[in-house]
Amino acid sequence: MPGTIVGRVLAALVGATLVACTASAQSPAAPPPLSRVPADQVPLPPPRPEERREPPAENSTSKDSTSKDSASKDPAAKDTPAKDTPAAPVPEPAPLPPERPAGLPSGPAPTPAAIVPDDTACLRRLERLGVKAEPVAPLADGMCGAARPLRVTELPDGVPLAPAATLTCVAAEALGRWSTEVRVIAERTLSKAPQKVQIGGSYECRGQNHDPAAKLSEHAYANGVDVMGFVFEGRAPVTVGATREGTPEAAFEAAVRARACSFFRTVLGPGSDAAHANHLHLDERERTAGHRLCQ
Ligand SMILES: [Zn+2]
């Protein structure tokens, strides 16, 4: 009896395993049908190459001949050939790069502007001082020039420059501030306020003392001005270098010259050298350690 029971149990177990094996054996058999599905899709690719041939023909033909169907094919046709055939898309993107760099070269031009000092604050001070000046075109002549020159026509208190001077804002401001001191000195020593300031020169591309071999003058940077004299109403003008010692005019000339050293880094005049015998040369040349040349 027990043998038969064990035999039945074994038979049941064997049957279960067989079922499991057959079930597992059937599952691997499932993939084959999947491979059959793509096989049906295989024939689809062929039609694509035909579409590729159509777009070039459409592009070459006029837009009037394109129908709604062809229009709908255009986007798809352009995308598919770009991926499949690199030959067609290559020529199109190629011309684009050269056009962009062509526009870029014009951009570098502003870089010089970065060198230009921001004289916005200086221009505001000029306005508050009462200096009349207007920006003029940048000056550039070899090593000479000024990025933001001004045409200065009038100093504080309505004192005109004769003629107008082309100066940097820094030099114009110094001239304006100095002129207010000149007015005070004139009223004290001559009992008259200047009505006009005579200018011998401002911007000029030249070496110091008109020597071509010499270092460039500050005039070459619109950073210097030559004052020849002062015109008064009701009395003779005071000409620099032409005053007689011991006279009010000589005292006036000496005082304004000395006062100029407070506003300009360089002050030269009669006695400095032969080149400055008849005018006051005033400039804003920068020197090491802030040294000034006041002679
Ligand atoms: Zn000069």
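## Disulfides

C205 is partly exposed, with a relative accessible area of 34% (buried means under 20%, exposed over 50%, partly exposed in between, with a 1.4 Å probe and protein chains only). The model is predicted: local features need pLDDT of at least 70 and side-chain atom pairs count only at pLDDT 80 or more, while totals for chains, interfaces and linings use all residues. Residues are numbered from 1 along each chain as its sequence is written, and side-chain values use heavy atoms, without hydrogens and water.

The partner of C205 is C144, with the sulfur atoms 1.9 Å apart (a disulfide is a pair of cysteine sulfur atoms within 2.5 Å). C144 lies in strand β3 and C205 in the loop between β6 and β7, so the pair ties together parts 61 residues apart in sequence (helices are DSSP runs of H or I with at least four residues, strands runs of E with at least two, numbered from the N terminus). C144 is buried, at 6% relative accessible area. The link of C144 and C205 is right-handed, with 70° about the S-S bond.

The whole structure holds 3 disulfides. C261 and C294 are joined with an S to S distance of 1.4 Å; the torsion is about 55°, so this disulfide is right-handed. C261 is buried at 14%, whereas C294 is partly exposed at 42%. C122 and C169 are joined at 2.1 Å, and their torsion of about -105° makes the disulfide left-handed. C122 is in helix α7 and C169 in helix α8, 47 residues apart. Counting bonded cysteines along the chain, the pattern is 1-3, 2-4, 5-6.

## Helix α7

The buried residues of α7 (residues 120-129) are C122, L126 and L129. They cover an arc of only 65° around the axis, which puts them on the same side of α7 (the arc is that of the directions from the helix axis to the C-beta atoms). Their cover includes β1, β4 and α8. The face turned away from the buried side carries the exposed residues R124, E127 and R128. G130 follows α7 and has a positive phi, near 95°.

## Zinc site

H219 (NE2), D226 (OD) and H281 (ND1) coordinate the zinc ion at 2.0 Å (donors are N, O and S atoms within 2.8 Å of the metal, or 3.2 Å for Na, K and Ca; water is not among the atoms, so sites may look incomplete). The spacing of the donor residues in sequence is H-x6-D-x54-H. H219 and D226 are both buried.

How values were computed. Contact = heavy atoms within 4.5 Å.
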